[in-house]
Structures are given as structure tokens and as C-alpha cells.
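Good morning, and thank you for coming.

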Amino acid sequence: MSPTKITKAILVVIMVFLAGVFNEYPRYKDYYDNMVHVYFFDVGQGDSILLKTPDRKLILIDGGGDDSVIYRISEVLPFWIKKIDYVVVTHPHADHIFGLISVINQYKVGCIQYDDFLPPISTIEDEFRDVSKKLNLISKSCINDVLEHYEVNSAEITDKGNPNMRSIISMYTYKDFDVLFTGDAEILVQAQILPFLSKDIEVIKVPHHGSMDSFYEPLLTTLKPEVAVISVGKNNRYRLPSQDTIDGYENSGIKVFRTDLDSTVEVISDGDLWSVVE
Amino acid sequence: MRSEIVAPIVFLMILTLSTVLRLYFYYQNSKQYFQYEHIEGYILSHPFNKDGFQNFQVKSINIKTGVFPKYRLGDYVVIIAKNNGSTNSVYYPKIEVQENRNLLILNKISIYRENLIFKAKRNLPEPYAGLILGMTMGYRDDFPHDFLDLLKRTGTIHIIVVSGYNVAIVILFISFVFTFFGRKINLLFVIISVLAFACLAGLDPPVVRASIMGLIAVIGTFSGNSRMSLYVLYITLLIMLLINPSYLFDIGFQLSGVATGTVILASMITTEVTFSSVVFVNSFVNLALIPPISYYFGTISLISLVSNLMILWIVPFVTFGGFVFFVFPIFVIKVFLVFLIDFYIVITKALGSLEFASIDYRFSVAYIFTYYLVLFFIYLFIFKWKRYLNESN
């Protein structure tokens with residue numbers, strides 16, 4: 001090989017190396033920074049939230065309605081991290097559960113918080129059960145150590161066929177920083193949970209993609225969140241979020257972010273200070 | 001006229017005529033054909049997920065169904081469809097797999113492919129796994145829309161299509177491994193491997209084209225003769241249409257045919273491998289691909305020449321590295337592949353973010369013909385001019 005060719009080859013190797021470092025370093029830095037990172041992923045019409053704790057535990061709440069969650073996870077984690085410690089299925093609608101099938105297939109999952117006492121509502125939930133049962137991942141106490149979560153009293157739920165009525169609500173707390181994850185919980189579920197929630201929180205995931213049937217003002221006046229995030233798809237056929245819901249949050253002085261307009265919304269905190277990455 | 005000249009000409013004429021007749025009768029009957037409510041046959045390309053559907057073809061009819069249950073290459077399916085006859089796509093039909101009639105060898109290859117995909121995705125995150133699988137075996141399941149848009153804007157979407165690169169790697173690798181077995185046995189292994197690879201990659205038109213051309217090249221032991229390559233391409237495309245006339249309107253068939261033909265034609269003008277000749281061939285291919293890409297995707301990338309010149313060189317490295325990684329999934333190879341694809345991502349993101357990267361425009365059929373006519377005359381002019389320069393030197 002001539003010296004010119006060797007020089008060219010070295011230049012190409014340096015370029016590739018620099019591109020690799022340029023692309024990988026931000027993910028490496030965020031993963032090892034001992035802070036809380038909450039990513040409300042833009043997965044189209046559906047919910048998917050990844051939470052990274054200061055001790056680098058990864059909690060995935062729902063997986064969206066397609067496989068895009070896989071790409072969104074890769075955008076925020078270093079390429080050698082292929083483990084998700086905890087997975088939460090808030091409820092089994094396809095726009096929350098579909099992407100989790102690929103997550104289970106492609107990542108080493110620690111355990112899955114999921115109730116399988118009712119028959120599956122779709123072929124998608126059926127497939128989800130198959131893959132998670134094969135690996136023995138389902139546990140009713142999976143997230144007990146990392147998230148506070150609240151059970152609804154099913155005796156008071158009249159609309160038992162509606163999976164939104166058993167949507168898991170959970171709270172993550174690190175020092176003074178609190179985030180509430182609400183899944184698709186409707187007003188009745190929120191009203192049942194409210195007596196267990198008393199402290200001020202910083203961030204709330206708006207229930208049910210900002211639908212009006214899930215807007216429950218007492219939740220906001222009690223918890224006083226400062227930021228609300230709506231997980232919603234661009235031009236979705238349900239025409240969500242409802243403008244009345246957005247107005248309701250904004251009139252309470254809450255800043256609203258939307259995954260259809262803002263793409264993935266990231267909140268970081270050291271337990272004392274916190275901010276939305278823009 | 002000597003018989004060695006007459007025989008190939010007669011062969012080409014008969015082949016051309018047969019293909020034209022086959023296409024004529026196929027498309028004359030196609031309207032009736034699409035109205036059938038009962039379709040049964042083999043799935044002969046790997047089903048893939050797109051826009052929430054599982055997609056596959058049976059007897060040239062596009063079947064779009066739910067993502068679960070999964071169907072496989074080689075499955076014999078009976079489909080009850082409600083089709084209005086205005087399109088060759090049917091949505092959510094009733095599908096029954098007749099397992100006793102499945103093509104077991106294709107089923108086995110399909111299962112092997114699923115295992116490779118599973119291992120790759122378990123070891124690598126996206127889009128790395130998807131791109132490597134796309135470059136090595138034509139995997140094309142749900143890439144997110146924003147990522148596909150980026151590939152379209154930068155004119156680099158073709159890198160996730162299996163091409164001659166892959167077939168060449170298979171041929172070279174198998175020839176090397178079986179060097180000491182003698183020419184005939186070596187040839188036999190090469191043929192089996194190319195056929196197995198074509199099935200593994202999914203029997204899509206670009207793979208079939210590359211495999212047939214590769215096999216003809218190996219059996220005929222010719223290489224580097226541009227004029228001969230052009231004949232081989234012509235014969236390959238005709239044979240493919242003769243076997244499956246629906247390929248005529250398949251985007252993969254059209255893009256693969258145009259790209260390969262243009263590379264061969266451009267190589268007839270510039271014979272030396274220099275930077276300027278690479279730029280020339282690349283420019284020519286990019287110009288030739290504008291009409292079909294615009295027609296199907298409604299986009300013309302204005303930076304495809306630059307982006308392709310900058311990233312195309314990684315394809316053979318990723319393809320070869322990808323094959324090695326499937327066998328030895330070790331960390332060093334993983335880093336090598338990730339960094340190469342990082343380079344690709346950084347370049348495409350940088351170029352794709354330019355405001356003038358692409359324009360939205362859809363060619364009409366009349367424009368496509370006019371465009372190719374003009375391009376052909378430009379080619380002829382350059383060809384004659386180059387010959388004049390060579391003769392005057």
C-alpha cells in the first residue's frame with residue numbers, strides 16, 4: 001500500500017472514530033451522570049416513558065402502539081446497555097402494550113408489573129402474555145421497591161370491561177422530586193386514588209392522552225404539578241388532546257408539553273433542582 | 001453470418017418476444033384475476049411489518065393483515081378475501097395455513113433467518129441492528145417514519161436493500177473456503193450457497209436479480225466485461241419477468257434494474273478506478289434513479305450524490321462485518337459496526353437537516369420517458385466524445 005493510501009485510510013479511521021464518539025458520548029454522559037432522567041417518548045399515538053434512576057436502574061412504563069419505542073430507547077441509552085430492569089404495563093390496550101413485545105424480545109427484562117387475572121383483550125395482549133410468560137417475567141410486586149403504585153377498588157368500578165378503569169397509577173420520588181404516571185386512568189380511578197396522594201409533585205403525565213373524560217381538576221389542585229406531559233400522536237384519529245383539557249391545565253398554571261409537538265420530552269433532576277430539557 | 005453470432009441473437013429475440021407475450025397476457029387477465037375472492041398459494045418472500053400491517057404476497061396479490069400471528073416464507077395459505085377488484089391489495093382477509101403443504105426447506109430457512117434477526121437485535125440496539133440486517137439480508141421491518149424520511153431525504157434508502165455486494169461476498173467467501181475441492185465441487189457449493197442466501201434474504205426482486213447475475217458470472221467465469229454484463233442483466237430481467245410478470249411494477253425490480261444498468265453503462269465510459277470515475281458513475285446512477293424515486297416516494301433528493309459518495313463505502317464493511325458478527329458476536333466487532341453506522345447516521349443527519357436537501361415532486365409517466373430520452377442522448381454524447389478523445393490520442 002502506498003503512503004498516500006495509508007494516510008487516506010488513517011484519515012477515514014479517524015473520521016469514523018470521531019463520528020462514533022460524537023454520536024455515542026451524549027448517551028454515555030446522560031447514563032452515568034447520577035441524575036434522574038425521565039423520557040416521555042414520542043411513539044406516535046400511545047404511551048411510553050423511560051425512567052433512569054440515579055443508581056442507573058431503568059424503568060419502562062408502557063411501550064406504545066408500534067415498535068418505535070425500540071428506536072426511542074436506543075436514542076437515549078449507550079449501545080451496550082441491553083437491560084431494562086422494570087417494565088410496567090399500566091393496562092393492556094394496544095397503544096400501551098404493543099411495543100413491549102419487541103422490548104422483551106430485544107432487551108433483557110428484569111420483571112414486568114402486570115395483572116393477568118382477566119382474559120386477554122386482543123391478539124396483541126395474547127402474544128405479550130406468551131412472550132413474557134415464557135421468560136417468567138410477570139410479577140405483581142415487580143416495582144414495589146422503585147415506584148409507589150396505587151390499586152383501585154374494583155368493587156366501585158362499574159365499567160369493568162373498560163381496561164382504562166384498571167390503569168395503574170404510580171409515583172416516582174427521588175428526594176424532593178416527584179413524578180406521577182397516570183396511564184389512561186379515567187376520572188373515577190383518579191378520584192379513588194386521590195386520598196392516597198397528598199404531597200406536591202413536579203411533573204404529571206396527563207391521563208389518557210389528554211382526553212376530556214380523564215380531566216379531573218381536584219388531582220391538580222391537590223398535587224400542584226408544575227409541568228404536564230401529554231403523550232399523543234400527530235394527527236391522531238381520536239383528535240386528542242382535547243383543547244378543554246389543555247386549557248384546564250394551563251389555567252391551573254401548569255406548563256404543558258406534548259410529544260406530538262415537542263417530540264420526546266426529557267425531564268432531569270438531581271433530587272433538588274429539576275428541569276425540562278428543551 | 002457465423003453461427004456463434006446468429007445463435008445468441010436468435011436466443012435474445014425469442015426470449016424478448018416470449019417475455020412481451022407473457023406480460024401482455026398476464027396484464028390483460030389481471031383485472032379479472034384481482035377480483036378472485038379465494039386465493040391460495042405459497043408465500044415466496046419474507047412477510048414484513050409496515051404501518052401496523054404484516055405484509056406479504058400470494059400470487060402477486062398484496063396481503064395486509066395483523067402483525068400476529070406471524071406467517072413465514074414457504075407457508076401454503078388459503079385466503080378468503082373481500083376484494084372490490086380495483087386494487088391488488090386485500091386487507092385483513094381470513095387466512096388459513098395448510099401446514100401439510102408448506103415448503104419445509106423454505107420454512108427452515110425462514111426459522112434460521114428469524115433466529116439470526118433475534119440474535120442481532122438482542123445484541124445491538126436500533127437502528128444499528130435494523131441497518132445491519134437490512135444490508136446483509138434485506139430485513140425491512142418497521143423502521144420509524146422519521147428515520148425512513150431521513151434516508152429518503154438523503155437519497156440513501158437503497159442501502160437497506162440487498163444487492164450485488166452481498167451476493168459477491170457470498171460467492172467470494174464460499175469460493176475461498178472450498179478452494180481445494182476442485183472447480184466442479186467449488187461451483188456446486190457456490191450455487192447452493194447463493195440459492196440459500198437468496199432464500200434467506202427473501203427472494204425479493206433485487207436479490208433474485210443479483211443472484212441470477214452472480215451465478216451466470218460464476219458459471220460463465222466472466223468478469224469485468226461491461227458489454228457482456230449488459231447482456232446478462234438484460235437476460236436476467238427478462239427471465240424474471242417471464243417467471244413472474246408482476247415484477248414489472250415492483251419498485252425493487254425497477255430500482256435494481258435501473259441502478260445496475262446505469263452502473264454498467266457508466267463503467268463503459270470510464271474504465272479506470274479513480275476518484276473522478278467514482279464521482280462520474282455515482283452521478284450517473286443518481287440521475288438515473290431520480291424518476292422512479294420521485295414517482296414512488298414523491299421526493300427528489302438534491303444531495304444524494306454527496307451523501308452517497310460520503311457513505312456508500314461503508315456498505316461492504318458493514319455487510320461483511322455483519323456476517324462475521326452473526327457468527328462471532330464479540331464486543332470488538334460490535335464497536336466496529338456501531339461506529340461505522342454512527343458515521344453514516346452523523347453524515348445523513350447533517351446533510352438531511354439542510355433545508356434544500358430534498359424537494360417534493362412527483363414525476364408523471366410522460367416526464368419519466370422524456371427524462372430518460374434526454375439522459376440517454378447525454379450518455380451517447382459523452383460516450384462518443386470520450387471515444388473521439390481516445391482515438392485522437
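The largest nonpolar core holds 67 residues; by such a core I mean buried Ala, Val, Leu, Ile, Met, Phe, Trp, Tyr and Cys residues joined through side-chain atoms within 4.5 Å, where buried is under 20% relative accessible area with a 1.4 Å probe, protein chains only. Among the residues with the most contacts inside it are Phe41(A), Leu50(A) and Leu60(A). Its largest share, eleven residues, is given by helix 13 (residues 331-352) of chain B; helices are DSSP runs of H or I of at least four residues, and strands are runs of E of at least two, numbered from the N terminus.

This is a predicted model, in which local features need pLDDT of at least 70 and side-chain atom pairs pLDDT 80 or more, while totals for chains, interfaces and linings use all residues. Residues are numbered from 1 along each chain as written, chains are lettered from A in the order written, and side-chain values use heavy atoms, without hydrogens and water.

Leu50(A) stands opposite Leu60(A) in strand 3 of chain A. Strand 2 (residues 49-52) and strand 3 (residues 58-61) of chain A run antiparallel, joined by four bridges.

Let us turn to the two chains. Chain A and chain B bury about 2400 Å² between them, that is, accessible area (1.4 Å probe) lost on being put together, summed over both. Val16(A), Tyr71(A) and Phe79(A) supply 29% of the area that chain A buries there. One salt bridge is counted between the chains, a side-chain nitrogen of Lys or Arg within 4 Å of a carboxyl oxygen of Asp or Glu. Arg72(A) forms a salt bridge with Asp146(B), with the closest N and O atoms 3.0 Å apart.

Notes: Buried means under 20% relative accessible area, exposed over 50%, partly exposed in between (1.4 Å probe, protein chains only). Two strands pair if DSSP finds at least two bridges between them. Buried area is the accessible area (1.4 Å probe) that two parts lose on being put together, summed over both.
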